[in-house]
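Please look over the protein displayed here, with an eye to its open spaces and its charged side chains.

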Amino acid sequence: MFYLVTGGSGSGKSEYAENLITSSLFSNRIYLAAMEAWGEEGRKRVLRHRRLRQGKGFFTIERPRNLKGVLDGRGEDAAVLLECMSNLAANELFLPSGMRNALEAEDSIKEGICHLEENSSLLVVVTNEIFSDGVDYGPETGEYIWLLGRMNVWLAERADALVKVTAGIPEWM
């Protein structure tokens, strides 16, 4: 089973996704954290997310990019939560060595997601809605928005269910 959970920043989508995992029958719970903490604000956000999932039985793997092979046999009878696609897309596009081609980043993300699907019993992917502000960004940010949009469409086509969370209220699509 594969769920895609989307919503805006601060919408409650992460908590909802965690609840999908913790309310499942799977006691083997894997939390794939894709955020790379840059600066004090990023570190505070990572610490906040760690505190929020304490006591929920998650085994956490912090992996900002290259998800292919990440489960390495840990995914059997597992519920896997990927938090979140917007961070993964940024990390795959903007490497420490510089910006890479968006199609290469897309291929890497797809390989990783396929690996997660094949090696888990339940997959929940959290993504962001960042497309409706109407702001014209520079070319690098435009590439990121294009990549995340393509990934969201691809994920929605693959998912068994899509849930949009707004102000903590889930709407099943």
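Predicted model: local features only at pLDDT ≥ 70, side-chain atom pairs only at ≥ 80, totals over all residues.

Residues are numbered from 1 along each chain as its sequence is written, and side-chain values use heavy atoms, with hydrogens and water left out.

**The largest pocket**

The largest pocket has a volume of about 820 Å³. On a 1 Å grid over the protein atoms alone, a pocket is an open set of points, where a 1.4 Å probe fits, with protein on both sides within 12 Å along at least five of seven lines, and its lining residues have an atom within 4 Å of a point. Grid points are joined across faces, edges and corners, and the volume is the space filled by probe spheres set on the points.

Of the 34 residues that line the largest pocket, Ser14, Arg45, His49, Glu83 and Asn87 lie nearest its centre. Helix H1 (13–22), strand S2 (28–33), helix H2 (39–53) and helix H3 (85–93) each supply at least two residues of this lining, and H2 gives the most, with seven residues. Helices (H or I, at least four residues) and strands (E, at least two) are DSSP runs, numbered from the N terminus. By class, the lining has 11 nonpolar, 11 polar and 12 charged residues, where Ala, Val, Leu, Ile, Met, Phe, Trp, Tyr, Cys and Pro count as nonpolar, Asp, Glu, Lys and Arg as charged, and the others, Gly among them, as polar.

**Salt bridges**

The structure holds 10 salt bridges, each being a side-chain nitrogen of Lys or Arg within 4 Å of a carboxyl oxygen of Asp or Glu. The table lists some of them.

| Pair | Closest N and O atoms |
|---|---|
| Lys68 and Glu111 | 3.4 Å |
| Arg100 and Glu104 | 4.0 Å |
| Lys110 and Glu106 | 2.8 Å |

The salt bridge between Lys68 and Glu111 links distant parts of the chain, 43 residues apart, with Lys68 in the loop between strand S3 (58–62) and strand S4 (78–83) and Glu111 in helix H4 (residues 102–118). Lys110 and Glu106 are separated by about one helical turn, because they are four residues apart in helix H4. Glu106 counts as buried, at 3% relative accessibility, whereas Lys110 is partly exposed, with a relative accessible area of 23%; buried means under 20%, exposed over 50% and partly exposed in between, with a 1.4 Å probe and protein chains only. Arg100 and Glu104 belong with Glu92 to a network of salt bridges.
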